[in-house]
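Please open the model in the viewer and keep the selection tool at hand.

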Amino acid sequence: MFSAFFGNYLLNKGIVTGEQLSQVLENQRIIRLKLGMLAINAGYMNARQVDEIHELQALKDKRFGDLAIEKGYLTTVQLDALLKQQKSEHLLLAQALIDDGLITIEGFEKEINNYKKEHGLTDEQLDALKHNNVEMVVHAFLAFGESTLSKHYSDYVTLFLKNMIRFIDADLRIDRVEKIDTIQMPHLVRQTITGDARIFTGLSGEELPFITLAGRYADEKFDKIEEYPIDAAGEFLNFHNGLFTVNLSDEGIEMTLDVQSYLEDSTLTPSNQLYHIPIYTSFGVIDLIIGQL
């Protein structure tokens, strides 16, 4: 996540080109080993156990290592050893940029400080971004005004980003939240969460990012908009919203889900507070919508 945020900053500053940044990020994807693969390589877990933990992550909002310890597949000592093998993402980015001759060590440090100043980040917030702390990143970049549901919205976006990183794409970034007056949605799957309040949720995108998200979630290759990718995108939204309501239930708040639906070339013009959060992925922009119509 840090690479997408800071890489875009370097792109806008003209320090790297789009082609150079894409290559750097692709190189990172190749060398970035997930914890499950490291655990298998170390002999701590087998493939069946890793798959089981991945399946549990679809039911619980918990990290791989925490679930593996709960199941008795890893000890805390083993987890610490594996985490030390995973290089910090900002160090991987720095090394890749320096190795390609795109920036010096001094230049990287200078631009990190400039980035921090331009975005008004505290030391703690910058450190959170470097270590992909989603909760802190959402707190730093998103503000939902005086809405009585603002905590729900922040928690919702935090969980959504975690699920995007876990199941769809680790190289993503968000932009500032926008309150919607009217917005055109080319391909939209939507679902309402109902309880003391009705919360509208939706995800939208142009055809390529929409079917790519659907394909990555379904582990399929889609070439066009049709029933299967639409259903897969809707299932991803429904899966996420289900986890969100489970988290709310743990807090003593009971909410239910309406059936998800799909709209093409729709226009949203809310009479209440509705928010748009652009999510920039490696395959295009996904628009996350949350609020009240």
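**Strand S7 and its partners**

Begin by selecting Arg 173 together with Tyr 280 of S7, its bridge partner in that strand. The model is a predicted one. Arg 173 lies in strand S1 (residues 173-174), which is joined to S7 by two bridges and runs antiparallel to S7.

Next, select Glu 178, which stands opposite His 276 in S7. The strand to display here is S2 (residues 178-179), antiparallel to S7 and linked to S7 by two bridges.

Strand S8 (residues 284-291) and S7 run antiparallel and are joined by eight bridges. Two residues separate S7 from S8 in the hairpin that they form.

Now select the whole of S7 (residues 274-281): seven of its eight residues are buried, so the strand is largely enclosed by the rest of the structure.

**Helices H12 and H13**

Move to H12 and helix H13 (residues 227-250), whose axes are 8 Å apart and which pack at an angle of about 70°. H12 is therefore roughly perpendicular to H13. To view the contact, select residues including Phe 210, Ile 211 and Tyr 217 of H12, and Tyr 228, Phe 236 and Phe 239 of H13. The residues of this contact comprise 13 nonpolar, one charged and no polar.

**Confidence**

Finally, colour the chain by pLDDT: the mean is 90, and 98% of residues reach 70 or more. Confidence is highest in helix H12 (residues 207-218), at a mean of 97, and lowest in helix H2 (residues 18-31), at 79. Where pLDDT is low, the predicted coordinates should not be read in detail.

Conventions:
Residues numbered from 1 in each chain as written. Predicted model: local features only at pLDDT ≥ 70, side-chain atom pairs only at ≥ 80, totals over all residues. Heavy atoms only, no water. pLDDT = per-residue confidence, 0-100. Helix = DSSP H or I, 4+ residues; strand = E, 2+ residues; numbered from the N terminus. Axes fitted to C-alpha atoms, helices over the stretch in contact; angles between N-to-C directions. Parallel < 35°, antiparallel > 145°, perpendicular 65-115°, else oblique. Contact = heavy atoms within 4.5 Å. Nonpolar A, V, L, I, M, F, W, Y, C, P; charged D, E, K, R; others polar. Buried < 20%, exposed > 50% of the residue type's maximum accessible area, 1.4 Å probe, protein only. Pairing = 2+ DSSP bridges.
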